[in-house]
Amino acid sequence: MNYEDLMRAAIAEAAQSGDDVPVGALMVSADGEVITFGHNEREADHDPTAHAEIVAIRRAAKLRKDWRLEDCTLVVTLEPCVMCAGAIVAARIGRVVFGAWDARVGASGSLYDLIRDARLGAPAEVISGVLEQECSSQLKAFFEAKRA
């Protein structure tokens, strides 16, 4: 899989977040096919659980008619938080690829490392820092505009 191309698609999806924090995610099958996309929809849906990862996971499970996504890769522009890491573990996703680190609430290697915690089940492979600068820049621009 070409993780940089997939991350570019996730960055484009993040741009669809509207007034929400621009985070984009996509679920990819074992053969590299993009199954679903998701972006933050918390503001639009008035739903605190509508993070990009959760949206993509829900759509993939529904499309596949199976909650087990162990043969899938989740590509996301920002390191998953505790809630999203829990959903990743629950869905048994085999690999997570993310761009920007989240030192404040990250749960995939920075503040916590739930995705690779064997006490919660089979640890997922984590590939971090893919197009990190581009992902970080998108987030920084959003927050700078909010403060202006």
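Biologist: Which residues have the most contacts inside the largest nonpolar core, and how many residues does that core have?

Modeller: The largest nonpolar core has 38 residues, and Met 7, Met 27, Leu 69, Val 75 and Ile 93 have the most contacts inside it. Bear in mind that this is a predicted model, where local features need pLDDT of at least 70 and side-chain atom pairs count only at 80 or more, while totals for chains, interfaces and linings use all residues. Numbering starts from 1 along each chain as its sequence is written, and side-chain values use heavy atoms, with hydrogens and water left out.

Biologist: What makes a set of residues a nonpolar core?

Modeller: The members are buried Ala, Val, Leu, Ile, Met, Phe, Trp, Tyr and Cys residues, joined through side-chain atoms within 4.5 Å. Suppliers of at least two residues each are α1 (3-14), β1 (24-28), α3, β3 (73-78), α4 (82-91), β4 (95-100) and α5. Those names come from DSSP runs counted from the N terminus: helices are H or I with at least four residues, strands are E with at least two.

Biologist: Why is Leu 139 called buried?

Modeller: Buried means under 20% relative accessible area, exposed means over 50%, and partly exposed is in between (1.4 Å probe, protein chains only). Leu 139 has 10%, so it is buried. This residue is found in helix α5, and beyond its neighbours within four places in sequence it is in contact with Val 21, Pro 22, Val 23, Leu 78 and Ala 100.

Biologist: What makes an open space a pocket?

Modeller: On a 1 Å grid over the protein atoms alone, a pocket is an open set of points for a 1.4 Å probe, with protein on both sides within 12 Å along at least five of seven lines; lining residues have an atom within 4 Å of a point. The largest pocket holds about 440 Å³ of space. Its lining has 22 residues, and the closest to the centre are Val 21, Leu 78, Asp 102, Arg 104 and Leu 139. Helix α5 gives the most to that lining, with 5 residues.

Biologist: How is the lining of the largest pocket split by class?

Modeller: There are 12 nonpolar, 3 polar and 7 charged residues. Ala, Val, Leu, Ile, Met, Phe, Trp, Tyr, Cys and Pro count as nonpolar, Asp, Glu, Lys and Arg as charged, and the others, Gly among them, as polar.

Biologist: Why is the pair of Phe 98 and Trp 101 called edge-to-face?

Modeller: Rings of Phe, Tyr and Trp (its six-membered ring) pair if their centres lie within 6.5 Å; planes under 30 degrees apart are stacked, over 60 edge-to-face, the rest tilted. Here the centres are 4.9 Å apart and the planes at 90°, so the pair is edge-to-face. Phe 98 is buried at 0%, while Trp 101 is partly exposed at 36%.

Biologist: And how do you know that His 46 is exposed?

Modeller: His 46 has a relative accessible area of 71%, so it counts as exposed. His 46 lies in the loop between α2 (42-45) and α3, with a positive phi of about 55° although it is not a glycine. Lys 65 also has a positive phi, near 55°, and is exposed at 75%.

Notes
Grid points are joined across faces, edges and corners, and a volume is the space filled by probe spheres set on the points. Contact means heavy atoms within 4.5 Å.
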